[in-house]
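Open the model in your viewer and keep the selection tool at hand. We will go stop by stop.

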Amino acid sequence: MLSDKTIAIVKEITPVVAANAETVTRVFYQKMFAGNPEVKAFFNQAHQHSGGQQKALAGAICAYFTHIDNLAALTPAVELIAQKHCSLGIQPEQYPIVGKHLLAAIKEVMGDAATDEILAAVGEAYQLLADVCIERERQIYEEQRTAAGGWNGYRSFVVDRKEPESDVITSFYLKPADDEPLPAWLPGQYITVKIDHPTTPTSPRNYSLSNQPGQDSFRISVKREPGLTADAPDGLISTYLHDQVQVGDTLQIGPPCGEFTLDPAEPRQTPTVMLAGGVGVTPLLSMAQSLIAEQPEAPLYFLQAARNSQTHAFAAEIQELRNQGANVRTLTLYDQPLADDLENQNCDETGILSENILREWTPFTDANFYFCGPKPFMQNVYASLKALNVPADRIHFEFFGPRQDIESAPLAGEPEVTASH
């Protein structure tokens, strides 16, 4: 537990830290990469280039300081961090590296205002959070290691199949090279792919599992990613996977991780609504297939948003949900349809997902919502659900970026929608 004095100091400096948080995190990463370059391998440099990681860390620091006297409120955030750390193989001895450079960054940015007393309080607060994360990560590592078919670190997998799902998404079916079983996992989890790129050292990547648990292979479905900004290169690893990795090749894979999950065996008392944008369909497809396989009578609403028929992935698998489940409804939206997409019934409607569609198409008053997709899609869905007064405990999402980017976005205007029926 933190001392009363430390809690009081942290609460007192929270407004100042919040006002300078992104400056602090920029300085922090600069100092850490310069002083301990070995940790750079854990960080996606494209996200560093875009500023996303700096902003995400700034948000996490502000949230921690704000709830310094109510740490139970941070349990979901700690679980997200711990799962991510375990996917990358973070170890306890790396926490002091972060603490050292974080305190140095705060000292540099705040100057004389960062007294020894303040730095001691922040150091104590950081150590408590580190201890909480280290303990949770120890538990996750132990669960992974002791599970039937489980492992820690990386395991060799062979690419058994490679199938295009659309013009931009390709699925890779991965089987253990040792022919040993796969561990049980929850729909929505991701695995880690570690590739020694031939020209550019880079961090491991997380990819959601897009098939059901209980299969003899993992399936990841990878979008060929463009650069995050105009002056950034295309996605290094996604391009490499699409262009270079072939059937028979071996990849290094980390065990399933992630907290954005659905337990298909848990009885569903209310409808489930899944909202998928672009490649964000991957964890939701796994959830939907698993839920209907386990509970064929469960009410499920599955909405998929894509640009057009060229980028639309898994159309047949999603339509198959309606054959497998007694109470499944699907809706497909294209926001940049080709000339004949609507006529050929490649989609149900054109336009973007809106509050109006959610109000009219979903049982929003009692449903649980799961959604994943690109940032604008996520922002619009979240704002629409809040406008419909859907409570926070019925809103579940996965977003690889600063959470504040989702929660602070305004509601998009209602678009014109054209239906094919």
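Strand 2 (residues 169–176) and strand 5 pair in the antiparallel sense over 6 bridges. Strands are DSSP runs of E with at least two residues, helices are runs of H or I with at least four, and both are numbered from the N terminus. Two strands count as paired if DSSP finds at least two bridges between them. This is a predicted model: local features need pLDDT of at least 70, side-chain atom pairs count only at pLDDT 80 or more, and totals for chains, interfaces and linings use all residues. Residues are numbered from 1 along each chain as its sequence is written, and side-chain values use heavy atoms, with hydrogens and water left out.

Select Tyr-173. Opposite stands Arg-219 in strand 5.

**The strand 1 stop**

Now select strand 1 (155–164). A hairpin of 4 residues joins strand 1 to strand 2. These two strands run antiparallel, with 7 bridges. Pick Phe-157 and find Pro-176 opposite, in strand 2. Strand 1 also pairs with strand 6, antiparallel, over 4 bridges. There, Arg-155 has Ile-253 of strand 6 as its bridge partner.

What is their order? The open sheet reads 4-3-6-1-2-5, with antiparallel pairing. Strand 4 (205–208) and strand 5 (218–223) are at the edges with a single partner strand each, so one side of each has no neighbour in the sheet. On average, neighbouring strands are turned by 40° against each other, direction ignored. Axes here are lines fitted to C-alpha atoms, for helices over the stretch in contact, and angles run from 0 to 180 degrees between N-to-C directions.

Helix 8 lies across strands 1, 2, 4, 5 and 6, at about 115° to strand 5. Contact means heavy atoms within 4.5 Å.

**A salt bridge**

Select Lys-5 and Glu-117. Their side chains meet in a salt bridge, 3.0 Å from N to O. The term needs a side-chain nitrogen of Lys or Arg within 4 Å of a carboxyl oxygen of Asp or Glu. Lys-5 sits in helix 1 (residues 4–19) and Glu-117 in helix 7 (residues 116–146), so the pair ties together parts 112 residues apart in sequence. The whole structure has 15 salt bridges.

**Last stop**
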